[in-house]
Amino acid sequence: DGCAVQDYQATADWLLTHTRHRPKVAIICGSGLGVLADALQHSDSFKYSDIPNFPQSTVQGHAGQLVFGELRGTACVCMKGRFHMYEGHQPAKVTFPIRVFKLLGVKILIVTNAAGSLADDYKTGDVMIIKDHINLLGLAGQNPLIGPNIEQFGPRFPPMTSAYDKDLCKLAMDICKRLGYTCVHKGIYCMVSGPNFETVAEARFLHSLGADAVGMSTAAEVVVAKHCGLRVFGLSLITNQVKKDYSEKGSVNHDDVLGVSKMRAEMLKALVSEMIGQLEI
Ligand SMILES: Cc1cc2[nH]c(=O)nc(N)n2n1
């Protein structure tokens, strides 16, 4: 399935010979949040289709480029466009880049996504700093770590209790306070496969599980990142409020998701840049 250790190594070696950057931070840009990649200075960009063993991105609003460069003096690598299960990628393919980043020497993963809110006090356009996740797919067997374990990356049965780094969470909250961002929450992200949005009954079910926001990405990448020892910070941009009531009118669509992302992209760029500026790595 093209996810053996030599596949990861071949991709890492190809990248190491094509860019001088040696990134310490990897950023995954969610739907419509590709502007984060535009913030990188002295950048080298590679189309996913040119990178050996990389899957192809097929979603509108996802560019499909790997961008190396500097942000506040720190070498970063940024995925402009990511892979989703609903495109038909296997979990191990969705998360393939994470292990490549590990082989490049990356220490910290920053993952952003768009999500619908289940919590009643979240509004469209709010930001949720991810405190923890419910990997519904992973619990049900669509898990990127299923199959032979590659000991070089991590253990057979990895702990996930502190998948999201507390210090990075606190750093982000402090920066949001200092930058005067009031629309910021800390909550639980639930991953579903998509591509359809939830029914009212499913929304109620997920909310009853304690989820504050629901999306179609992120959890798989975080599991693999935690497995191979990366520190993880995640945030969700709330692009709509999931309907939990049969009387509510209207329904969500991908254009709404992209519209909200555009509106908030600058704020997220400022937050992520400031975080990277404050990191000691
Ligand atoms: C990216 C994204 C946005 C939403 N909104 C929603 O209501 N349900 C989801 N699963 N997602 N996923």
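Me: In what kind of crossing does helix 6 pass helix 9?

Reply: The handedness is read from how the near helix is turned relative to the far one: anticlockwise by less than a right angle is left-handed, and clockwise is right-handed. In this predicted model, helix 6 passes helix 9 in a right-handed crossing. Helices (H or I, at least four residues) and strands (E, at least two) are DSSP runs, numbered from the N terminus.

Me: On what basis are the values computed?

Reply: Residues are numbered from 1 along each chain as its sequence is written, and side-chain values use heavy atoms, without hydrogens or water. As the model is predicted, local features need pLDDT of at least 70 and side-chain atom pairs count only at pLDDT 80 or more, while totals for chains, interfaces and linings use all residues. The pLDDT is the predictor's confidence in each residue, from 0 to 100. Here the protein chain averages a pLDDT of 93, and 98% of the residues score at least 70. The model scores are ipTM 0.93 and pTM 0.95.

Me: At what angle do helix 6 and helix 9 pack?

Reply: Two packed helices are described by the angle between their axes and the distance between the axes. Axes are lines fitted to C-alpha atoms, for helices over the stretch in contact, and angles run from 0 to 180 degrees between N-to-C directions. Helix 6 and helix 9 (residues 254-278) pack at about 120 degrees, with their axes 10 Å apart. The two helices are therefore oblique to each other; angles under 35 degrees count as roughly parallel, over 145 as roughly antiparallel, 65 to 115 as roughly perpendicular and the rest as oblique.

Me: Which residues of helix 6 and helix 9 make the contact?

Reply: Contact means heavy atoms within 4.5 Å. Helix 6 contributes Leu168, Leu171, Ala172, Ile175, Cys176 and Arg178, and helix 9 contributes Leu271, Glu274, Met275 and Gln278. These residues divide into seven nonpolar, one polar and two charged. Ala, Val, Leu, Ile, Met, Phe, Trp, Tyr, Cys and Pro count as nonpolar, Asp, Glu, Lys and Arg as charged, and the others, Gly among them, as polar.

Me: How do helix 1 and helix 4 pack, and at what angle?

Reply: Helix 1 (residues 5-18) and helix 4 (residues 96-104) pack at an angle of about 60 degrees, with axes 9 Å apart. That makes helix 1 oblique to helix 4. Helix 1 passes helix 4 in a right-handed crossing. Asp7, Tyr8, Gln9, Thr11, Ala12, Leu15 and Leu16 of helix 1 meet Phe96, Arg99, Val100, Leu103 and Leu104 of helix 4. This contact divides into eight nonpolar, two polar and two charged residues.

Me: How many residues of helix 4 are buried?

Reply: Buried means under 20% relative accessible area, exposed over 50%, and partly exposed in between (1.4 Å probe, protein chains only). Helix 4 is mostly covered, with seven of its nine residues buried. The buried residues are Phe96, Pro97, Ile98, Arg99, Val100, Phe101 and Leu104. Glycine 105, which follows helix 4, has a positive phi near 105 degrees.

Me: Which residues other than glycine have a positive phi?

Reply: Two examples may be examined. Arginine 72 has a positive phi of about 55 degrees and is found in the loop between strand 3 (65-71) and strand 4 (74-80). Threonine 218 has a positive phi of about 80 degrees and lies in the loop between strand 8 (213-215) and helix 8 (219-227). Arginine 72 is partly exposed, at 46% relative accessible area, whereas threonine 218 is buried, at 0%.

Me: Which peptide bond is cis, with omega near 5 degrees?

Reply: The bond from glycine 194 to proline 195 is cis. Proline 195 has its place in the loop between strand 7 (184-191) and helix 7 (200-208).

Me: How far apart in sequence and in space are lysine 166 and phenylalanine 233?

Reply: Separation along the chain and separation in space are read as two values. Lysine 166 and phenylalanine 233 are 67 residues apart in sequence and 8.6 Å apart in space, C-alpha to C-alpha. Lysine 166 is in helix 6 (residues 166-178) and is exposed, with a relative accessible area of 63%. Alanine 4 and isoleucine 150 are 146 residues apart along the chain, and their C-alpha atoms are separated by 8.1 Å. Alanine 4 lies in the segment before helix 1.

Me: Is isoleucine 134 buried or exposed?

Reply: Isoleucine 134 is buried, with a relative accessible area of 17%. Isoleucine 134 is found in strand 6 (residues 127-135). Leaving aside neighbours within four places in sequence, isoleucine 134 is in contact with Leu139, Ile188, Tyr189, Cys190, Met191, Leu209 and Ala211.
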